[in-house]
Amino acid sequence: MSVDNNKITESASPPPPSPLKNFIAGGAGGICLVVTGQPLDTIKVRLQTQNVKAGETPLYRGTFDCAKKTVQSEGFRGLYKGMATPLIGISPIYAICFFGFGVGKKLQTTDVKQELTLPQIWNAGMVAGVFTTVIMVPGERIKCLLQIQAGDPKNAKYNGAWDCAKKIYMEEGFFRGIYRGTAATLLRDVPASGAYFMGYEMLLRYLTPEGESRAHLSPLRVLAAGGTAGILNWIVAIGPDTLKSRFQTAPPGTYTGVRDVFQKLVRQEGVSALFKGLTPVMLRAFPANAACFLGYEVTMKALNTLW
């Protein structure tokens, strides 16, 4: 295996899987990610979307206070609000994500044996971010609206993901409602996906013993690479994600766009407000993405054994 710091050789990676295998393995990895990370994702969204004016005491003082109050008022199920939407959409999202990554790699080379530089891997990851945005935005909008519903479920505006989607469409329409936050999602996912894929591939290269295949890596090394890639992803994504959450959950007419969200947020709450939810994000990033990549790799090995 090459140990060049700037290149990843094709020989270090397994043959590209079939679209069907990629779809199944990516979906399995995504399900592992959602189930592992949903509680901390709910806490993150609630911290990001609480508006705190000068002199007011915030409802949630931090990550653990939010978790405590959520469980006290809504039970442990409250931490899993909005999970149905990402679970339903996770297979196509990850299938399209890995397909987009493959397209990004193919666009940059005319030879399948050509070495790819780390910047090229980054570029391919950004292409994947563009591909996934199309189906990510509606799910993110619905998920965030369900996650910020606190208190007695009987008084909730939305009774599940489908009810939420119907009411958004009736009140705001398709593009202005269901697809609100598209630009913010692109702003978050394009660079973050680049960091995500590049980080994972780079770490796998260093963790793979010389002369061995990536397919023979131990689960512990896959967990380490996947978890670290998740942290890199969120270091890039946390600021844009806060803007996206604010924009997608605000009443219609509150903001004119992502730039307006940024200006008002910084003016009213300071630059630090962009990093609200950072603690639950980082607590979630490692185990959730470690589970995602392990689920992907284990499923792919099983599929390759079966056919």
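How many residues apart in helix α1 are D41 and K44? They are 3 residues apart, which puts about one helical turn between them; helices here are DSSP runs of H or I with at least four residues, numbered from the N terminus.

Before going on, a word on the model: it is predicted, with local features needing pLDDT of at least 70 and side-chain atom pairs counting only at pLDDT 80 or more, while totals for chains, interfaces and linings use all residues. Residues are numbered from 1 along each chain as its sequence is written, and side-chain values use heavy atoms, leaving out hydrogens and water.

Back to our pair: the side chains of D41 and K44 form a salt bridge at 3.1 Å, N to O, the term meaning a side-chain nitrogen of Lys or Arg within 4 Å of a carboxyl oxygen of Asp or Glu. D41 is buried at 5% relative accessible area, and K44 is buried at 2%. Buried means under 20%, exposed over 50%, and partly exposed in between, using a 1.4 Å probe and protein chains only. Both residues belong to a salt-bridge network that also links E140, K143, R188, D189, D241 and K244.

Compare K157 and E171, whose salt bridge spans 3.3 Å, N to O. K157 sits in the loop between α4 and α5 and E171 in helix α5, so this pair ties together parts 14 residues apart in sequence. K157 is partly exposed at 43%, and E171 is partly exposed at 48%.

Helix α5 itself covers residues 161-172. Its buried residues, among them I168, pack against α4 and α6, and just after the helix G173 takes a positive phi of about 90 degrees.

Conventions. Helix = DSSP H or I, 4+ residues; strand = E, 2+ residues; numbered from the N terminus. Expected span 1.5 Å × (residues − 1). Contact = heavy atoms within 4.5 Å.
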